[in-house]
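Visitor: Could you take one spot in this model, look at it closely, and then work outward from there? I would like the cut-offs spelled out as you go.

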Amino acid sequence: MIFNNPNRHIIKLNESDIDRVVEFCNKCSALGIENNSSLEKMKWQQGKWFAAVDNNEIYSLAGYHKLELDSNSYRVLFRGAQLPNYNPVGMSKNYFKSSVHWSYLLHEQVQEITRHNPNAKLYISTNTHKNTHAPSSYRLTRSIAPLMVKRGLLTLEHEGIELYYTTQNLYRLNVENYLTTRGKFLTSASNL
């Protein structure tokens with residue numbers, strides 16, 4: 001259940017979900033979300049995917065994949081996209097309160113990766129320049145990531161690196177702090 005809504009939950013996607021993923025891609029295409037407008041553009045075969053569903057329709061998804069920094073590195077929240085009007089609140093400095101990606105999809109990715117590799121290093125990449133293919137990635141660099149760094153949830157490890165033909169910042173997730181902070185938020189949120 002996502003943000004106490006019984007119709008919404010997280011699923012791990014696989015080949016049997018292709019029709020739902022294509023439907024999500026079509027909606028992204030209509031909205032101009034280019035990086036998620038097709039299976040090819042979202043690089044379906046490259047990642048492992050989790051999605052948020054509402055009455056069995058995908059409204060948000062993000063993947064993860066190995067990152068070629070070293071054998072323990074993974075890129076999380078890869079090709080994350082969400083359809084409009086699904087956040088429980090508007091913009092908030094408490095990203096756990098307003099982001100399905102941060103509160104739920106990332107948590108599933110962390111759990112799966114660290115179960116298979118306890119030495120995993122998890123990274124989030126953000127675009128350093130505004131572009132139409134991934135506008136939220138630039139917003140993450142400009143406003144959200146600095147807040148996460150201040151809170152000790154992320155550490156900027158590589159600034160302005162070339163990653164898959166795009167200049168990006170690479171932030172390492174402080175997994176322990178993330179899990180602790182998320183747990184505190186979800187405990188307090190369930191008591192509301």
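Guide: Let's start with L156, which counts as partly exposed at 33% relative accessibility. Here buried means under 20% relative accessible area, exposed means over 50%, and partly exposed lies in between, with a 1.4 Å probe and protein chains only. Before going further, please note that this is a predicted model, in which local features need pLDDT of at least 70, side-chain atom pairs count only at pLDDT 80 or more, and totals for chains, interfaces and linings use all residues. Residues are numbered from 1 along each chain as its sequence is written, and side-chain values use heavy atoms, with hydrogens and water left out.

L156 sits in strand 6. Strands are DSSP runs of E with at least two residues, helices are runs of H or I with at least four, and both are numbered from the N terminus. Setting aside neighbours within four places in sequence, L156 is in contact with V149, N169, L170 and Y171, where contact means heavy atoms within 4.5 Å. L156 is also 9.5 Å from I124, C-alpha to C-alpha, although 32 residues separate the two in sequence.

A salt bridge, as used here, is a side-chain nitrogen of Lys or Arg within 4 Å of a carboxyl oxygen of Asp or Glu. Both partners are partly exposed: R172 has a relative accessible area of 29%, and E157 stands at 36%.

By that rule, the count comes to eight salt bridges. Side chains of opposite charge can pair when their charged atoms come close. Another of these joins K12 and E112, with the closest N and O atoms 2.9 Å apart. Here strand 1 supplies K12 and helix 4 (residues 100-116) supplies E112, 100 residues apart.

R8 is a buried residue, with a relative accessible area of 17%. Its side chain makes a polar contact with the side chain of D54 at 3.4 Å. A polar contact is a pair of N or O atoms within 3.5 Å; within protein, one must be able to donate a hydrogen and the other to accept it, and residues adjacent in sequence count only if both atoms are side-chain atoms. Besides D54, R8 touches M1, I2, V53, Y59 and Y86, leaving out residues up to four places away in sequence.

E23 forms a salt bridge with K27, their closest N and O atoms being 3.5 Å apart. The two are four residues apart in helix 1, so about one helical turn separates them. E23 is partly exposed at 36%, as is K27 at 29%. E23, K27 and E57 together are linked in a network of salt bridges.

Helix 1 itself (residues 18-31) has 14 residues and reaches 20 Å from its first C-alpha to its last, close to the 20 Å expected. That expected span is 1.5 Å times one less than the number of residues. The buried residues of helix 1 are I18, V21, F24, C25 and C28. Viewed down the axis of helix 1, these buried residues fall within an arc of 120°, so they line one face of the helix; the arc is that of the directions from the helix axis to the C-beta atoms. They pack against helix 2 (39-42), strand 3 (57-66) and strand 4 (73-82). On the other side of helix 1, D19 and A30 are exposed. Just after helix 1, G32 takes a positive phi of about 80°.

Stepping back to the whole protein chain, there are six helices and seven strands, following the pattern β-α-α-β-β-β-α-α-β-α-β-β-α along the sequence. Of its 192 residues, 45% count as buried. Among contacts between residues at least 6 apart in sequence, 61% join residues at least 24 apart.
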